[in-house]
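Hi,

Here is the structure I promised to pass on to you. Have a look at it first, and then read my notes below.

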Amino acid sequence: MIVRPAGRSDFGFLADMLVEAVNWSPEWKRKSRRRVLAAPNTAHYLAGWPLEDDLGVVAESSGEPVGAAWLRFFSAEAPGYGFVAADVPELTIGVVASWRGRGVGRALLAGVEASARGCGIGRISLSVERKNFARELYLAVGYEVVGRGVDSDTMVKVL
Ligand SMILES: CC(C)(COP(=O)(O)OP(=O)(O)OC[C@H]1O[C@@H](n2cnc3c(N)ncnc32)[C@H](O)[C@@H]1OP(=O)(O)O)[C@@H](O)C(=O)NCCC(=O)NCCS
(Lines give C-alpha, C1' and ligand atoms only; values in the text may rest on other atoms or scores of the structure.)
Protein backbone atom coordinates (compact mmCIF):
# COMPACT_ATOMS: atom_id res chain seq x y z
CA MET A 1 0.00 0.00 0.00
CA ILE A 2 1.17 3.52 -0.79
CA VAL A 3 -0.06 6.91 0.40
CA ARG A 4 0.06 9.67 -2.21
CA PRO A 5 -1.21 13.26 -2.49
CA ALA A 6 -4.86 13.61 -3.49
CA GLY A 7 -5.55 15.56 -6.69
CA ARG A 8 -8.42 16.97 -8.69
CA SER A 9 -9.23 13.61 -10.29
CA ASP A 10 -9.76 12.03 -6.85
CA PHE A 11 -12.97 13.97 -6.26
CA GLY A 12 -15.20 10.95 -6.91
CA PHE A 13 -13.27 8.71 -4.53
CA LEU A 14 -13.10 11.38 -1.84
CA ALA A 15 -16.87 11.73 -2.20
CA ASP A 16 -17.19 7.97 -1.63
CA MET A 17 -15.08 8.31 1.53
CA LEU A 18 -17.13 11.28 2.74
CA VAL A 19 -20.22 9.08 2.36
CA GLU A 20 -18.46 6.40 4.45
CA ALA A 21 -17.54 8.93 7.14
CA VAL A 22 -21.12 10.21 7.35
CA ASN A 23 -22.46 6.63 7.47
CA TRP A 24 -19.91 5.32 9.98
CA SER A 25 -22.51 3.66 12.20
CA PRO A 26 -24.08 0.44 10.88
CA GLU A 27 -26.95 1.10 13.31
CA TRP A 28 -28.21 4.14 11.39
CA LYS A 29 -30.22 4.32 8.19
CA ARG A 30 -27.64 4.89 5.48
CA LYS A 31 -27.63 8.34 3.85
CA SER A 32 -27.30 8.19 0.07
CA ARG A 33 -24.30 9.64 -1.77
CA ARG A 34 -26.65 12.11 -3.43
CA ARG A 35 -27.96 13.31 -0.09
CA VAL A 36 -24.49 13.60 1.46
CA LEU A 37 -23.30 15.68 -1.51
CA ALA A 38 -26.42 17.85 -1.51
CA ALA A 39 -26.84 18.61 2.21
CA PRO A 40 -24.83 21.77 2.94
CA ASN A 41 -23.51 20.55 6.32
CA THR A 42 -21.87 17.49 4.72
CA ALA A 43 -21.34 18.73 1.14
CA HIS A 44 -19.10 21.59 2.26
CA TYR A 45 -16.38 19.13 3.30
CA LEU A 46 -15.75 18.54 -0.41
CA ALA A 47 -17.59 21.12 -2.54
CA GLY A 48 -15.31 22.64 -5.15
CA TRP A 49 -12.45 20.20 -4.41
CA PRO A 50 -9.64 21.05 -4.62
CA LEU A 51 -9.86 24.56 -3.19
CA GLU A 52 -6.58 26.44 -3.10
CA ASP A 53 -5.75 25.52 0.49
CA ASP A 54 -7.22 21.99 0.50
CA LEU A 55 -4.78 19.23 1.26
CA GLY A 56 -5.33 15.48 1.10
CA VAL A 57 -3.87 12.01 0.68
CA VAL A 58 -5.11 8.78 -0.88
CA ALA A 59 -4.04 5.27 0.10
CA GLU A 60 -3.72 2.91 -2.85
CA SER A 61 -3.18 -0.80 -3.20
CA SER A 62 -2.35 -2.24 -6.62
CA GLY A 63 -3.39 1.07 -8.16
CA GLU A 64 -6.84 1.03 -6.52
CA PRO A 65 -7.79 3.67 -3.94
CA VAL A 66 -8.58 2.12 -0.55
CA GLY A 67 -8.87 5.19 1.68
CA ALA A 68 -8.50 8.95 1.83
CA ALA A 69 -7.96 11.72 4.35
CA TRP A 70 -8.12 15.42 3.69
CA LEU A 71 -8.10 18.81 5.39
CA ARG A 72 -10.28 21.82 4.67
CA PHE A 73 -10.37 25.26 6.28
CA PHE A 74 -13.75 26.60 7.41
CA SER A 75 -14.86 30.01 8.64
CA ALA A 76 -16.64 30.92 11.87
CA GLU A 77 -19.62 31.97 9.72
CA ALA A 78 -19.88 28.56 8.01
CA PRO A 79 -18.09 26.15 10.36
CA GLY A 80 -17.64 22.41 10.07
CA TYR A 81 -18.71 20.13 12.94
CA GLY A 82 -15.15 20.19 14.32
CA PHE A 83 -14.48 23.91 13.85
CA VAL A 84 -12.11 25.53 16.35
CA ALA A 85 -10.56 28.42 14.39
CA ALA A 86 -10.30 29.70 10.84
CA ASP A 87 -6.60 28.80 10.68
CA VAL A 88 -7.14 25.20 11.86
CA PRO A 89 -8.27 22.87 9.06
CA GLU A 90 -10.70 20.05 9.76
CA LEU A 91 -9.99 16.40 8.98
CA THR A 92 -12.22 14.04 7.03
CA ILE A 93 -11.16 10.39 6.76
CA GLY A 94 -12.63 7.22 5.33
CA VAL A 95 -11.39 3.75 4.40
CA VAL A 96 -13.14 1.33 2.03
CA ALA A 97 -15.09 -1.08 4.26
CA SER A 98 -13.23 -4.23 3.17
CA TRP A 99 -9.90 -2.54 4.00
CA ARG A 100 -10.66 -1.40 7.55
CA GLY A 101 -8.68 -2.64 10.53
CA ARG A 102 -5.52 -3.21 8.44
CA GLY A 103 -3.58 -0.06 9.20
CA VAL A 104 -4.83 2.11 6.32
CA GLY A 105 -6.40 4.68 8.67
CA ARG A 106 -3.21 5.07 10.68
CA ALA A 107 -1.17 5.46 7.49
CA LEU A 108 -3.57 8.10 6.17
CA LEU A 109 -3.42 10.08 9.41
CA ALA A 110 0.38 10.00 9.34
CA GLY A 111 0.40 11.04 5.68
CA VAL A 112 -1.99 13.93 6.02
CA GLU A 113 -0.17 15.19 9.12
CA ALA A 114 3.18 15.11 7.32
CA SER A 115 1.72 17.09 4.40
CA ALA A 116 0.15 19.57 6.81
CA ARG A 117 3.44 20.12 8.63
CA GLY A 118 5.10 20.69 5.27
CA CYS A 119 2.57 23.46 4.57
CA GLY A 120 3.19 25.13 7.94
CA ILE A 121 -0.13 24.06 9.45
CA GLY A 122 0.16 23.98 13.23
CA ARG A 123 -3.06 22.22 14.26
CA ILE A 124 -5.71 19.87 12.85
CA SER A 125 -9.23 19.56 14.23
CA LEU A 126 -12.01 17.02 13.81
CA SER A 127 -15.37 15.98 15.16
CA VAL A 128 -16.11 12.39 16.11
CA GLU A 129 -19.08 10.69 17.70
CA ARG A 130 -18.14 9.23 21.06
CA LYS A 131 -19.35 5.76 20.01
CA ASN A 132 -17.10 5.65 16.95
CA PHE A 133 -13.95 3.59 17.58
CA ALA A 134 -12.14 6.12 15.39
CA ARG A 135 -12.11 8.29 18.53
CA GLU A 136 -9.71 5.81 20.18
CA LEU A 137 -7.53 5.87 17.08
CA TYR A 138 -7.38 9.68 17.18
CA LEU A 139 -6.47 9.63 20.88
CA ALA A 140 -3.78 7.03 20.19
CA VAL A 141 -2.10 9.25 17.59
CA GLY A 142 -2.14 12.40 19.68
CA TYR A 143 -5.48 14.16 19.21
CA GLU A 144 -6.97 15.68 22.37
CA VAL A 145 -10.57 16.43 23.23
CA VAL A 146 -11.10 20.21 23.27
CA GLY A 147 -14.90 20.35 23.18
CA ARG A 148 -17.85 18.13 24.00
CA GLY A 149 -21.23 18.05 22.25
CA VAL A 150 -24.22 15.89 23.13
CA ASP A 151 -22.89 12.78 21.34
CA SER A 152 -19.64 13.95 19.82
CA ASP A 153 -16.26 15.37 20.71
CA THR A 154 -14.20 18.03 18.98
CA MET A 155 -10.55 17.00 18.95
CA VAL A 156 -7.35 18.81 18.04
CA LYS A 157 -3.85 17.62 17.30
CA VAL A 158 -0.97 20.07 17.64
CA LEU A 159 1.57 19.22 14.96
C1 LIG B 1 -12.09 5.19 11.12
C2 LIG B 1 -11.30 4.59 9.96
C3 LIG B 1 -10.90 5.71 9.01
C4 LIG B 1 -10.04 3.95 10.53
O5 LIG B 1 -9.32 3.35 9.48
P6 LIG B 1 -8.83 1.82 9.60
O7 LIG B 1 -8.02 1.55 8.39
O8 LIG B 1 -10.00 0.96 9.86
O9 LIG B 1 -7.93 1.93 10.90
P10 LIG B 1 -6.61 1.10 11.22
O11 LIG B 1 -6.65 -0.24 10.57
O12 LIG B 1 -5.45 1.97 10.89
O13 LIG B 1 -6.77 0.87 12.76
C14 LIG B 1 -6.43 1.82 13.70
C15 LIG B 1 -6.62 1.23 15.07
O16 LIG B 1 -7.99 1.03 15.35
C17 LIG B 1 -8.25 -0.34 15.71
N18 LIG B 1 -9.48 -0.79 15.09
C19 LIG B 1 -9.67 -0.99 13.77
N20 LIG B 1 -10.96 -1.37 13.56
C21 LIG B 1 -11.58 -1.37 14.78
C22 LIG B 1 -12.91 -1.65 15.22
N23 LIG B 1 -13.90 -1.98 14.35
N24 LIG B 1 -13.19 -1.53 16.54
C25 LIG B 1 -12.22 -1.19 17.42
N26 LIG B 1 -10.94 -0.90 17.06
C27 LIG B 1 -10.62 -1.01 15.75
C28 LIG B 1 -7.11 -1.11 15.15
O29 LIG B 1 -6.89 -2.24 15.94
C30 LIG B 1 -5.97 -0.13 15.18
O31 LIG B 1 -5.32 -0.15 16.40
P32 LIG B 1 -3.81 -0.65 16.44
O33 LIG B 1 -3.08 0.11 15.33
O34 LIG B 1 -3.37 -0.26 17.81
O35 LIG B 1 -3.87 -2.10 16.19
C36 LIG B 1 -12.12 3.52 9.18
O37 LIG B 1 -12.45 2.46 10.03
C38 LIG B 1 -13.40 4.06 8.53
O39 LIG B 1 -13.38 4.48 7.38
N40 LIG B 1 -14.52 4.04 9.27
C41 LIG B 1 -15.78 4.57 8.75
C42 LIG B 1 -15.73 6.05 8.51
C43 LIG B 1 -15.39 6.84 9.76
O44 LIG B 1 -15.78 6.48 10.87
N45 LIG B 1 -14.66 7.95 9.56
C46 LIG B 1 -14.29 8.81 10.66
C47 LIG B 1 -15.42 9.69 11.04
S48 LIG B 1 -14.92 10.78 12.36
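Let's start with Leu-37, which you'll find in helix α2 (residues 33-38). Helices here are DSSP runs of H or I with at least four residues, strands are runs of E with at least two, and both are numbered from the N terminus. Leu-37 counts as partly exposed because its relative accessibility is 29%. For that word the scale goes like this: buried is under 20% relative accessible area, exposed is over 50%, and partly exposed is in between, using a 1.4 Å probe and protein chains only. Ala-47 is ten residues from Leu-37 along the chain, and their C-alpha atoms are separated by 7.9 Å.

Before you go further, keep in mind that this is a predicted model, where local features need pLDDT of at least 70 and side-chain atom pairs count only at pLDDT 80 or more, while totals for chains, interfaces and linings use all residues. Residues are numbered from 1 along each chain as its sequence is written, and side-chain values use heavy atoms, leaving out hydrogens and water.

**The overall picture**

UniProt lists residues 1-159 as "domain: N-acetyltransferase", in an unreviewed entry. UniProt positions are in the numbering used here, feature names are shortened, and annotations may be inferred rather than shown by experiment. Over residues 1-159 the chain is 28% helix and 28% strand, with 24 Å between the end C-alpha atoms.

**Helix α4**

Helix α4 covers residues 104-118, so to speak 15 residues. From first C-alpha to last, α4 reaches 21 Å, close to the 21 Å expected at 1.5 Å a residue (the expected span is 1.5 Å times one less than the number of residues). Which residues in α4 are buried? They are Val-104, Gly-105, Leu-108, Leu-109, Gly-111, Val-112, Glu-113 and Ala-116. After α4 comes Gly-120, with a positive phi near 80 degrees.

**Around the ligand**

There are 20 residues around the ligand, and those that come nearest are Val-95, Gly-101, Gly-103, Gly-105 and Arg-106. A residue is near a molecule or strand if one of its heavy atoms lies within 4 Å of it.

- A polar side-chain atom of Arg-106 is 2.5 Å from a ligand oxygen.
- For Arg-102, a backbone N or O atom lies 2.9 Å from an oxygen atom of the ligand.
- In the side chain of Asn-132, an N or O atom is 2.9 Å from an oxygen atom of the ligand.

A polar contact is a pair of N or O atoms within 3.5 Å; within protein, one must be able to donate a hydrogen and the other to accept it, and residues adjacent in sequence count only if both atoms are side-chain atoms.

Arg-102 also lies over the face of Trp-99, 4.2 Å from the ring centre. The rule for a charge over a ring is NZ of Lys or CZ of Arg within 6 Å of the ring centre and within 35 degrees of the ring normal.

**Aromatic pairs**

Rings of Phe, Tyr and Trp (its six-membered ring) pair if their centres lie within 6.5 Å; planes under 30 degrees apart are stacked, over 60 edge-to-face, and the rest tilted. The count by this rule is three aromatic pairs. Why is the pair of Trp-24 and Trp-28 edge-to-face? Because their planes are at 75 degrees, with the ring centres 5.2 Å apart. Trp-24 is partly exposed at 23% relative accessibility, and Trp-28 is partly exposed at 42%.

Tyr-45 and Phe-74 make an edge-to-face pair too, at 5.1 Å centre to centre and 65 degrees between the planes. This pair links distant parts of the chain, 29 residues apart: Tyr-45 is in the loop between α3 (40-43) and β2 (55-61), and Phe-74 in the loop between β3 (64-72) and β4 (90-95). Tyr-45 and Phe-74 are both buried.

Most residues other than glycine have a negative phi, and most peptide bonds are trans. Now look at Trp-49 and Pro-50, which are joined by a cis peptide bond with omega about -5 degrees. Pro-50 sits in the loop between α3 and β2. Ser-62 is not a glycine, yet has a positive phi of about 50 degrees. You'll find Ser-62 in the loop between β2 and β3, and it is exposed because its relative accessible area is 76%.

Happy exploring!
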